[in-house]
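Q: I'm new to this and would like to learn how to read a model like this one. Can we go through it feature by feature?

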Amino acid sequence: MNELLQKAVSSIIAAGYQLDTDAFSFLHTLPQTEDILKLTEEIIKKMKNTPEKPLFVSKDLLEEVAKETLLEEKEPPLALSSPPMIETKKAFHAYAKDIDADMKVIDDPTDKICATGAIEEYVEYFQDRFRKLRKILRQRMDAKDAMSISEARKAPVNSKVKIIGMITEKRESKQKIFLQVEDLDANITVLASPTKNPSLVEKAQILLLDQVVCVIGFKGKNDLLIAEDFILPDIPKRKPRRASMPVYATLISDLHVGSKKFMQEAFKRFLLWLNGKVGNEKMKYVASHVKYVIVAGDLVDGIGVYPKQIEELAIKDIYKQYQEVASFIEQIPDYIELLIIPGNHDASRKALPQPAIPKEYIEPLLKTRKVFSCGNPSIVSLHGVELLLYHGRSLDDVIAVAPNMSFHTPGKAMNLLLQGRHLAPIYGERTLIAPELQDYLVIERIPDVFQAGHVHVQSHGVYRGVLVVNSGAWQQQTEYQKRMGLLPTPGIVPVVNLQTLQVTSLDFTSPFL
Ligand code: ZN
Ligand code: FE
């Protein structure tokens, strides 16, 4: 017999109790770790407290206590499908309540915003974008030695050239792609043709307007650069930082409170789950470890965001929409930290970067509980794990323009943003960008977790060590989405274990919770 098991059995006997055969064999099936001693301690306590003072420890009692004590510590295997949840009355012990929050806001654009929208500001804005991305590109071994475009223009015909520039124009004709590429003082025409390398045209197709890239090729006649390869800034493969303890963050977005399609019942179930009131053992285990709830924008549906929106609103007053949000978030347990950023439906300015939602709107939220309100995008660190939080408006543009993209796989479009190291590369489409003196949308710090929403399709994956999560939505398919053929996946919540960066997706749409 294992030493620990022997110890466990003798402590039960020493306390004056016997084990029946079933109970004895059940003890054998448990993992033979220190936990077994904790378990016997609990058993003895329980036996002492029962009024009948039984002599034998039964298997039933053992099972019951084992469930309580062992499940608190050990994470059950991850299962993506969630079994039906049943309300139980068993005491819920919130592990997260006993640990201190460790949250730092590393970057928030709110206090830095100063654009007035003058044309000159756009010049400065794009120059800063170029400089920042050139710096990132130059950190790469293969782009370090790039020359300026004016040098490349002077290079002899057929000589090798390597430049860094912003793509200002893109024309496709007969399987060839012509790009206009510009740096701070010159521009050049780049040709990508399939003659030398068939995959080169494909590579050029993914390039987005206003993106900064490195082009390798050779000098042609008449200031033409014949491309051989394109290099995006990208991110190096790396190991993400991790928390030293099992603490979880729940990533949500796109509540759209005020919309007739807001899924109130599912959201209430989510709140009950956070309180340990619904869910099976595994779900409760996860809930007990949740220390953070992050909302990546679109708390409300807003007013006048798109034509005829009023017909789809259940609450037609923006202040009342936020009041309604407050009545929900009030139910998030106090020991959980709540952080919000705005989305394009919120009452913040629409152009990126968006400052935090003005106090006059979110006052009802601030009155009910502690809320960290930041701008979009923001960077926060949770127990040393850095999260890049972004609503995701530009995903619309990227999905519309780049080949092989779909609303149903938002992760692919998010990966593309990481590759280009910019949150909103394309200027002048649906995503409004304010001409700040600095480009706060360049991804300068490589995050450990990249969270976006907006697309209303929940997804998660890993790109070069970065956990890429789209946090889905709480709104059923809208008329607009129906016309677009978009099938949202509302009510499914990704929960991240900050110690392992594993994601558990929980489905709150089932009424059996
Ligand atoms: Zn939304
Ligand atoms: Fe949105």
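Q: How are the donor residues of the iron ion (ligand 2) spaced in sequence?
A: Donors are N, O and S atoms within 2.8 Å of the metal (3.2 Å for Na, K and Ca), and water is not among the atoms, so sites may look incomplete. Here the spacing reads D-x45-N-x46-H-x62-H. This is a predicted model, where local features need pLDDT of at least 70, side-chain atom pairs count only at pLDDT 80 or more, and totals for chains, interfaces and linings use all residues. Residues are numbered from 1 along each chain as its sequence is written, chains are lettered from A and ligands numbered from 1 in the order in which they are written, and side-chain values use heavy atoms, with hydrogens and water left out.

Q: Which protein atoms are the donors of the iron ion (ligand 2)?
A: They're Asp298 (OD), Asn344 (OD1), His391 (NE2) and His454 (ND1), lying 2.1 to 2.3 Å from the ion.

Q: Why is the arrangement around the iron ion (ligand 2) irregular?
A: Ideal angles at a metal are 109.5 degrees for four tetrahedral donors. Four donors count as tetrahedral if all angles lie between 85 and 135 degrees; four count as square planar and six as octahedral if opposite donors are over 155 degrees apart and all others between 65 and 115; anything else is irregular. The four donor atoms here subtend angles of 82 to 172°, so the arrangement is irregular.

Q: Which residue bridges the iron ion (ligand 2) and the zinc ion (ligand 1)?
A: That's Asp298, and the two ions lie 3.2 Å apart. Asp298 sits in the loop between strand S10 (290-296) and helix H10 (318-329), while His454 is in the loop between strand S15 (449-452) and strand S16 (458-463), 156 residues apart. Helices (H or I, at least four residues) and strands (E, at least two) are DSSP runs, numbered from the N terminus.

Q: Is Asp298 buried or exposed?
A: Buried means under 20% relative accessible area, exposed over 50%, partly exposed in between (1.4 Å probe, protein chains only). Asp298 has 1%, so Asp298 is buried; His454, at 12%, is buried too.

Q: What order do the strands of the open sheet have?
A: Strands of a sheet pair through backbone hydrogen bonds, either parallel or antiparallel. Two strands pair if DSSP finds at least two bridges between them. The six strands here run S12-S11-S10-S9-S18-S19, with mixed pairing. Strands S12 (372-373) and S19 (502-507) stand at the edges, each with a single partner strand, so one side of each has no neighbour in the sheet. S10 and strand S11 (residues 337-341) run parallel, joined by five bridges.
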